[in-house]
Amino acid sequence: MQEKRTDAPLREDIRQLGGLLGSTLYEQNGEELYNTVEEIRRLAKDARAGVDGAAEQLSRMLAGLDDAMIMPVVRAFSNFLNLANIAEQHHRVRRSRAWLRDPSSAPLRGSFEEAFQRLTEAVDAQVLYETVCGLEIELVLTAHPTEVTRRSLLQKYNRIAELLDQQDRLDSTPEEIEEIQQALKREITAAWHTDEIRRRRPSPVDEARWGLAVIEQTLWDVIPRYMRRLDKMLKRKTGRHLPLDVAAIRFGSWMGGDRDGNPRVTARVTREVCLLNRWMAVELYAREIDQLVSELSLQCMDEDLQALVPGRWEPYRALLKRVRARLRITRSWIEARLEGRHPPDGEILLEASDLKATLLACYHSLQRCGAGGVADGRLLDLIRRVTVFGLTLMRLDIRQEASRHVDTLDAITRELGLGSYAEWSEAQREAFLIEQLDNRRPLIPRDFEPEDEVREVLDTFQMMAELGPDSLGAYVISMASQPSDILAVELLQKEAGVRHYLRVVPLFETLADLDGAEACIEHLMQIPWYRHRVQGHQEVMIGYSDSGKDAGHLTAAWTLYKTQEKLVAAARRRGIKLTLFHGRGGSIGRGGGPTHAAVLSQPPGSVAGRLRATEQGEVIQAKFGLPGIALRNLEVYTTSVLEATLQPAQALQPPWRDIMDRLARIAKDTYRGVVRDNPAFIDYFRHATPEHEISMLTIGSRPARRAPTHAVESLRAIPWIFAWTQTRLLLPAWLGVGESLQSALDAGDGALLKRMYKEWPFFETFLDMVEMVLAKGDPSVAAWYDSRLVPPELQPLGEHMRRQFAKTLRAVLEVTNHEQPLDDFPVAQRSVTVRNPYVDPLNLLQVELLYRVRHGREENLRKALMVCINGIAAGMRNTG
């Protein structure tokens with residue numbers, strides 16, 4: 001009963017938004033569309049409820065829609081699912097606020113209050129204080145093509161969420177409530193008349209601007225609230241405030257820096273994006289300084305401050321006006337560089353420390369003058385922002401594939417008559433690289449004129465040398481496998497004259513590369529030049545996407561776990577600090593899932609106060625699009641890293657390790673037996689899913705494939721998972737899990753598996769996430785695609801995979817001891833139940849659209865198909 005009571009406001013919001021959408025359809029498109037949508041909705045609900053004949057009637061009705069009616073019907077259901085998402089996000093904020101208002105309720109799991117209360121009972125206050133002050137969490141925003149919703153619509157959806165928040169206020173007058181209703185109707189009407197599909201594919205600079213919008217519209221205001229909460233809790237539990245130079249969380253970005261497989265990201269683009277980041281930072285700081293100039297009209301006789309601005313009646317204003325003038329000059333300087341003009345002369349503000357020094361002088365002076373309350377307001381918030389954002393908001397990582405560096409060095413060695421670097425053994429490459437790193441003479445001839453791809457790599461390093469140290473973060477090498485991959489980048493930095501070397505981060509992605517990661521790092525640490533270079537700190541990135549596509553979800557997850565264990569052990573042996581950079585996606589098959597559970601399920605010692613993680617595509621909007629949700633996610637990241645550091649998971653028991661090795665072998669063989677070894681699989685995949693059509697969505701600047709082939713290996717992990725999510729089979733997340741679990745159950749290991757699920761966070765989180773995928777999946781929907789789109793000779797493969805789905809569901813439920821998926825997560829369970837009658841028609845319509853488009857009626861229906869893909873993604877709350 002309690003669950004129903006807390007769920008009631010959400011159901012009312014969905015009913016209200018659905019009603020407003022219905023009236024919009026009636027008013028804007030007439031009675032025929034409204035009645036058609038209502039009849040489809042009724043039949044879909046009846047079909048889900050098991051009413052005889054409803055499913056067949058629904059299928060016939062949708063198949064009979066003419067081309068002109070399909071588009072508005074698709075748009076209607078897609079719009080409803082987006083509105084349901086808004087309501088659910090708002091309800092999460094509502095529940096958090098209700099929890100905070102209720103003095104009798106226990107603290108919210110993962111909140112500062114709950115975590116600090118638990119941790120102070122287990123660790124000394126000084127240890128807690130030092131650990132909080134030493135946290136190094138960096139969230140890296142990436143532009144992977146998974147955000148299908150246009151920014152114009154996201155802005156409207158955020159305004160709808162704001163209106164729902166206003167509607168919740170208890171003191172609203174009837175007139176105000178009516179105004180909110182009218183505003184909601186206007187936003188829904190505007191969304192209905194807004195094109196869901198981008199007219200052109202976004203450029204890398206467009207993607208970077210979208211990332212900056214997240215900072216400007218949400219995180220800029222949320223960070224001070226987050227820092228105040230952390231400071232307040234730290235003071236309450238340890239008696240000491242958070243130092244002004246501490247930022248537990250910072251932000252990075254790949255938008256405009258990730259050139260792996262994306263030829264549109266060039267040195268020029270990266271330089272432009274770095275300047276845009278600086279421009280936005282200056283703009284945001286200028287707004288805050290304007291407010292402080294108005295606010296700090298205080299007169300103060302503090303000698304230290306008077307020394308900075310002698311004879312000034314209002315010294316704070318005088319100092320801040322100087323800062324404002326420098327910000328204006330800096331903005332003009334950046335604009336001139338962006339436009340290719342000669343930059344103006346003046347005192348440019350390029351170092352965050354310069355800005356912070358002035359703000360701190362004002363802050364400490366106000367404290368000395370007895371105006372600490374004033375200092376701890378807007379001024380303190382701005383100081384905290386400078387600590388978190390610096391003068392670039394997000395440091396940009398550079399990412400490039402290892403083979404591009406091999407090609408570059410090969411061109412250089414051939415030019416110098418030294419032979420082919422690409423053909424050398426690993427030992428020969430290392431010897432050459434180490435010799436050149438120790439050699440002061442330049443390697444690359446001044447008159448060297450390579451081919452365009454090599455020139456672009458060299459231009460990128462030259463650009464790195466020109467930019468300041470605050471602009472760039474790490475240099476990530478995708479598909480890294482050997483020590484020479486890392487040393488090659490170090491040499492190219494040296495040759496370009498990079499003064500502030502970027503830390504070089506190998507990204508181990510495939511199963512084989514993950515298995516070899518420990519040996520690679522160990523070998524590097526045996527090289528004196530490299531040990532001196534890293535100064536006791538090594539960062540390693542591990543990839544969840546390609547490893548999952550390579551061997552299946554279970555095998556990849558276990559391999560990633562063991563790889564982290566080995567890297568932690570190697571770092572301890574060598575006496576170095578290790579930072580693990582987690583390349584997670586939004587979907588379960590790409591390492592996605594609830595933050596708190598994901599962090600706490602990592603191997604003991606793998607967090608140790610340091611964590612980098614990617615936030616990709618639609619996940620950025622889901623986690624940071626609304627202020628209340630952004631604040632909650634920043635809290636959860638902090639408390640989970642803190643807890644994993646101070647109370648790491650127990651060491652793995654030998655029987656658990658043994659059975660996981662067996663499960664992983666069976667899962668890998670099962671997965672590869674279907675995906676790699678079955679010659680019919682690729683043909684089936686291209687018929688049964690909208691994989692080809694997804695590649696035509698203008699949702700990202702990067703191509704869908706690494707190479708122009710139809711093999712799964714060349715397909716990027718995002719469209720691979722995106723396609724299976726659309727058909728509701730979600731194959732990559734569970735294939736192989738059922739067979740491996742069932743083999744252990746048949747061998748009498750059921751009790752051991754159940755104990756592992758209860759006592760081991762990694763195994764519990766893994767099975768919970770698989771169970772969530774199975775709850776969202778529906779093999780009967782996938783069967784619709786087969787019956788209409790797949791040739792008869794390929795349909796047995798689909799039937800086989802649907803039987804595997806059912807087998808996986810039975811095995812998972814037996815281990816978790818649940819009757820139905822998500823029994824432990826009733827809110828998520830209800831969300832899936834509510835959505836199904838609205839997603840089902842979109843799936844049926846997608847099948848019909850795919851059939852018509854593939855049989856020659858492409859021109860009129862392709863856009864409807866694109867909208868349908870968007871709608872299903874909204875309904876599933878996932879793309880890739």
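**Helix packing in a predicted model**

The crossing of helices α15 and α18 is left-handed: the near helix is turned anticlockwise from the far one by less than a right angle. Helices here are DSSP runs of H or I, at least four residues, numbered from the N terminus.

The model is predicted, so local features need pLDDT of at least 70 and side-chain atom pairs pLDDT 80 or more, while totals for chains, interfaces and linings use all residues. Numbering runs from 1 along each chain as its sequence is written, and side-chain values use heavy atoms, without hydrogens or water.

Stay with that crossing. α15 covers residues 402-415, and α18 covers residues 483-496. Their axes come within 10 Å and cross at roughly 55 degrees. Axes are lines fitted to C-alpha atoms over the stretch in contact, and angles run from 0 to 180 degrees between N-to-C directions. That makes α15 oblique to α18; oblique is what remains after roughly parallel (under 35 degrees), roughly antiparallel (over 145) and roughly perpendicular (65 to 115).

Who touches whom? A402, H405, T408 and L409 of α15 meet D485, A488, V489, L491 and L492 of α18, contact being heavy atoms within 4.5 Å. This contact has 6 nonpolar, 2 polar and 1 charged residues. Asp, Glu, Lys and Arg count as charged; Ala, Val, Leu, Ile, Met, Phe, Trp, Tyr, Cys and Pro as nonpolar; the others, Gly among them, as polar.

α15 also packs on α17, residues 452-466, at about 100 degrees, axes 9 Å apart. The two are therefore roughly perpendicular. From α15 come R404, H405, D407, T408 and A411; from α17, E453, V454, E456, V457, L458 and F461. By class: 5 nonpolar, 2 polar, 4 charged.

Next pair. α9 (residues 204-238) and α14 (residues 372-389) pack at about 110 degrees, again with axes 9 Å apart. That makes α9 roughly perpendicular to α14. The α9 side includes W220, P224 and R228, and the α14 side includes D381, R384 and F389. The class count is 8 nonpolar, 1 polar and 7 charged.

Now α12, residues 315-338. G340 follows α12, with a positive phi near 75 degrees.

Last, aromatics. There are 28 pairs, counting Phe, Tyr and Trp rings (Trp by its six-membered ring) with centres within 6.5 Å. F77 and Y838 are tilted: 6.3 Å between centres, 50 degrees between planes. Tilted lies between stacked, under 30 degrees, and edge-to-face, over 60. F77 sits in α4 (residues 67-101) and Y838 in α37 (residues 826-854), so the pair ties together parts 761 residues apart in sequence.
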